[in-house]
Amino acid sequence: MHRTIRLFIAAATLLAATTPVFAQQSGIIEYEVTAKTDPERMRGFQRGGDDAPEIPDVITFKQVFTFNNNIGKLTTERPEGGGFGGRRQRPEGDTSARRGPRPGGMGMGRGGGFNAQYVDLANKKYEQVFSTFGDDKKTYYTEEDYIFTANNKSSDKTKKIAGYTCKKATIQLKDDTYTVWYTTELPFSFSPVNGLLPDSNAVVLSAEGSRRAFTAKSVSLKAITDTDLALPAGAEKVSQEQMREIRKQEMEKLRKRQQQ
């Protein structure tokens, strides 16, 4: 009898110790993103001529980071209808995945040109995927190591975001300065923008620059049934330079098709 009780207590203790750890290995982070646009530049990609809707100075959309078992995927939900004139526009420098009601827009057309950003959390790498257009569609991917910013300006200030205590850091990324709030209370590191990681164990829950801002609205630790988090089967690995050339060629094909 006593032995049974001891076994029960031991099992309960083990479950209590492992359940939170298990729960934290999978979940979803939802970010609200605001980005300033360049209406003149974007008008060149807009359909509808004089009847096309007015392009706003700022757009707001959602990014969802789904993670499970050391892999993750960042998807972007554009405004309903794909944005302006039915076309999805991507903020300058945004390399996140595109997901919406149907394909369309820059770098993505019916039947091809799909972009997605996968994340190898175990090895701290971003994996960019691109599929070409047309019937002979091929899928490629390239890797980019996490960029940790050691020379960031840290602060003792803290605040809660989506239920997590976050520390403040100021980071210079290219020609912009970002105010970053990050937590170390999750068992992996991630940022929606590479280069805004102030710590090797940081998960960025807020980042605000002069042209765009990311804010986590919720962090849900739960079992994930989405199995579409790994790289597509058959994707061919290429260098970053090769990926840029492939995308350049596909954009040229798309422009010629639209002109015709």
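Ala-35 is buried, its relative accessible area being 2%. This residue belongs to strand S1, which spans residues 26-36.

The confidence of the prediction deserves attention before the side chains are examined. Across the protein the mean pLDDT is 78, and 70% of the residues reach 70 or more. Confidence is highest in strand S10 (residues 203-208), with a mean of 97, and lowest in helix H1 (residues 2-23), with a mean of 45. Over residues 7-23 the pLDDT is below 50, and this stretch has 3 contacts in the model beyond near neighbours in sequence. Residues 80-112 also have pLDDT under 50; for this segment the model has 96 contacts beyond four places in sequence. Where pLDDT is low, the predicted coordinates should not be read in detail.

The aromatic side chains provide the next topic. How many aromatic pairs does a search of the whole structure find? The search returns 7. One of them joins Phe-65 to Phe-188 in a tilted arrangement, with 6.5 Å from centre to centre and 50° between the planes. Phe-65 is part of strand S2 (residues 58-68), whereas Phe-188 sits in the loop between strand S9 (176-183) and S10, so the pair ties together parts that are 123 residues apart in sequence. Phe-65 is buried, at a relative accessible area of 0%. Phe-188 likewise counts as buried, because its relative accessibility of 9% falls under the 20% cut-off.

A further tilted pair is formed by Tyr-126 and Phe-190, with 6.5 Å between the ring centres and 45° between the planes. Here Tyr-126 comes from strand S5 (residues 125-131) and Phe-190 from the loop between S9 and S10, so this pair ties together parts that are 64 residues apart in sequence. Tyr-126 counts as buried at 2% relative accessibility, and Phe-190 counts as buried at 1%.

Which residues do ring pairs link into a cluster? The cluster consists of Phe-65, Phe-67, Tyr-126, Tyr-146, Phe-148, Phe-188 and Phe-190. It therefore includes Phe-65 and Phe-188, a pair that connects strand S2 with the loop between S9 and S10. Tyr-126 and Phe-190 are also among its members, and their pair connects strand S5 with the loop between S9 and S10.

Note on methods:
Residues are numbered from 1 along each chain as its sequence is written. This is a predicted model: local features need pLDDT of at least 70, side-chain atom pairs count only at pLDDT 80 or more; totals for chains, interfaces and linings use all residues. Side-chain values use heavy atoms; hydrogens and water are left out. pLDDT is the predictor's confidence in each residue, from 0 to 100. Helices (H or I, at least four residues) and strands (E, at least two) are DSSP runs, numbered from the N terminus. Contact means heavy atoms within 4.5 Å. Buried means under 20% relative accessible area, exposed over 50%, partly exposed in between (1.4 Å probe, protein chains only). Rings of Phe, Tyr and Trp (its six-membered ring) pair if their centres lie within 6.5 Å; planes under 30 degrees apart count as stacked, over 60 as edge-to-face and the rest as tilted.
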